[in-house]
Amino acid sequence: MSDMDVKREQLVVERVPKRLLIGGKWRPASGGREYEVEDPSTGRALCAVPDAGAEDAAVAMDAAAGAAAEWAATAPRERGEILRAAYELLVERQDDLALLMTLEMGKPVAESRGEILYAAEFFRWFAEEAVRIDGGWKTAPDGNGRIWIMRQPVGPALLITPWNFPTAMGTRKIGPAVAAGCTMIVKPAHQTPLSMLALAEIMGQAGLPDGVLNVLTTTRPGEVCGPLLRDGRLRKLSFTGSTQVGRALIEQSAANVLRTSMELGGNAPLIVCEDADLDKAVEGAAIAKMRNVGEACTSANRMYVHASLADAFTVRLAEKLGPMVVGRGSEPGVQVGPLIDAAGRDKVDDLVRDAVAGGARAVVGGAPLADRPGYFYPPTVLAEVPPDARLLKEEIFGPVAPIVTFEHDDQAIAMANDTVFGLVSYVFTENLRRAVRYAESLESGMVGLNKGMVSTPAAPFGGVKQSGLGREGGGVGIEEYLEVKYVALDI
Ligand code: NAP
């Protein structure tokens, strides 16, 4: 790396406000507590940010509750214009924001830039939705009364985001919350606070009033979120993260009967039928597996390939994934960055060892890269994976593609649905009748048909079963932040 590159990396980190944002003021955590943010490609500290506690959460709740009524009453067009301005700023600053994301999260800069643009699109989408919040008016069946239906902001919301898409998982919640007229407290994942702090600064520059968006960075999520969930002024929880934490948060939300949106874990099957176009299937599988180094809830976790194509598919996928360049995400030409931390890498290693011990064969990859600092795991293709391998049941969250063969569609559908998760499924087939059958039979909130990626702000994203509740994006995304009120009129 040249001196100029080193300087630029330091600059993008230096420029981020390393403070909590509460009521429009940047401030340290109570007691001045801080923690270090790590670069997963080196294991070294990038900088320190505030480590908020319960006292900070209480002040943030005051700020969000204090700003709620005035914000709910702002003109929808004004809220939309703020989102539009924030969209423009994200696009304008994509290079610096992408580098910042890569430094704290690890993914290659090109992918980080893709995420910044994807994240910005949620603001553009919800800028347009803010002015389309619907209501209704109709004559009651008896002909005398009238039924008037309006939608109002649900109220102050707690938004909890994961580290794997540090900006997009934020804008996918902040966008509709702003559009609907809700105030909010955002708690980003402890590994990736910088992208959220940079985003919060942009929201202020775009004209968001003080107190509408408050950000708490912390390593003590329970201590910060517990009191918020128990505070009667909070009306909404939107969470993206693991099913395990989501389940606990649903329980905690029961006390105040909060509206909840849950985007949880996945275990996506990718099915390659006997009539699939192999080029499309290999390309789609590579995207569904390698996007975000496999650290995505939508990542293809299990590949079911018709026995007649399995050998060719395996060889071609291995040829595609094997040569991908692994390294520091900020270096030119790198296609595969590090995993988020040592625990993430060790989990992937554990799952692969378990599969291999049960009879799986590593066609490429198969062991962590121990020759460098950071948490690197190479692209791995596993053939002949036994049906009881743990990685067919648990989220791998790494660049590992386990391949299992099938003979009949019924068998593929049964194996695909044999999971508590139901976020997304992928199917590759050139036969329309078969495509419809799979799309209707798969127990998931989304299906990629001859496509390895489904995410777009214009579509409802979300899961069934233990993958979640509610939808983000699309026409219904804003509904998560609106209450329906009905007024009965006797005229
Ligand atoms: P995680 O461990 O569940 O953490 C997610 C967020 O919850 C983080 O901000 C975390 O804070 C916070 N958290 C943890 N314990 C908490 C508690 N007791 N109270 C309140 N907040 C708490 O998940 P992750 O490892 O960051 O993210 C990976 C998971 O997210 C995967 O399972 C993935 O499938 C899922 N995901 C789902 C979607 C979707 O749309 N369905 C999208 C992306 C990711 P700390 O960082 O401080 O622990």
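This is a predicted model: local features need pLDDT of at least 70, side-chain atom pairs count only at pLDDT 80 or more; totals for chains, interfaces and linings use all residues.
User: Which residues make the contact between α1 and α4?

Analyst: From α1 come Arg-8, Glu-9, Val-12 and Val-13, while α4 supplies Asp-95, Asp-96, Leu-99, Leu-100 and Leu-103. Sorted by class, five residues of this contact of α1 with α4 are nonpolar, four are charged and none is polar.

User: How are helix α3 and helix α6 oriented, and how far apart are their axes?

Analyst: Angles over 145 degrees count as roughly antiparallel. Helix α3 (residues 76–92) packs on helix α6 (residues 168–180) at an angle of about 150°, with 8 Å between the axes. The two helices, α3 and α6, are therefore roughly antiparallel to each other. The crossing in which α3 passes α6 is right-handed.

User: What residues of α3 and α6 form the contact?

Analyst: On the α3 side they are Arg-79, Leu-83 and Leu-90; on the α6 side they are Thr-171, Gly-175, Val-178, Ala-179 and Ala-180. The residues of the contact of α3 with α6 comprise five nonpolar, two polar and one charged.

User: Which residues of α10 meet which residues of α11?

Analyst: In α10, the residues are Leu-278, Asp-279, Ala-281, Val-282, Glu-283, Ala-285, Ala-286 and Met-290; they meet Ala-312, Phe-313, Arg-316, Leu-317, Lys-320 and Leu-321 in α11. The contact of α10 with α11 has 10 nonpolar and four charged residues, with no polar ones.

User: Turning to the ligand, which of the residues around it come nearest?

Analyst: There are 30 residues around the ligand, and the nearest of them are Thr-161, Arg-172, Ser-242, Leu-264 and Glu-395.

User: How far is a polar side-chain atom of Arg-172 from an oxygen atom of the ligand?

Analyst: A pair of N or O atoms within 3.5 Å is read as a polar contact. For Arg-172, a polar side-chain atom is 2.8 Å from a ligand oxygen atom. The side chain of His-190 has an N or O atom 2.8 Å from an oxygen atom of the ligand. For Glu-395, the distance between a side-chain N or O atom and an oxygen atom of the ligand is 2.4 Å.

Terms used:
Residues are numbered from 1 along each chain as its sequence is written. Side-chain values use heavy atoms; hydrogens and water are left out. Axes are lines fitted to C-alpha atoms, for helices over the stretch in contact, and angles run from 0 to 180 degrees between N-to-C directions. Helices (H or I, at least four residues) and strands (E, at least two) are DSSP runs, numbered from the N terminus. Angles under 35 degrees count as roughly parallel, over 145 as roughly antiparallel, 65 to 115 as roughly perpendicular and the rest as oblique. A crossing is left-handed if the near helix is turned anticlockwise from the far one by less than a right angle, and right-handed if clockwise. Contact means heavy atoms within 4.5 Å. Ala, Val, Leu, Ile, Met, Phe, Trp, Tyr, Cys and Pro count as nonpolar, Asp, Glu, Lys and Arg as charged, and the others, Gly among them, as polar. A residue is near a molecule or strand if one of its heavy atoms lies within 4 Å of it. A polar contact is a pair of N or O atoms within 3.5 Å; within protein, one must be able to donate a hydrogen and the other to accept it, and residues adjacent in sequence count only if both atoms are side-chain atoms.
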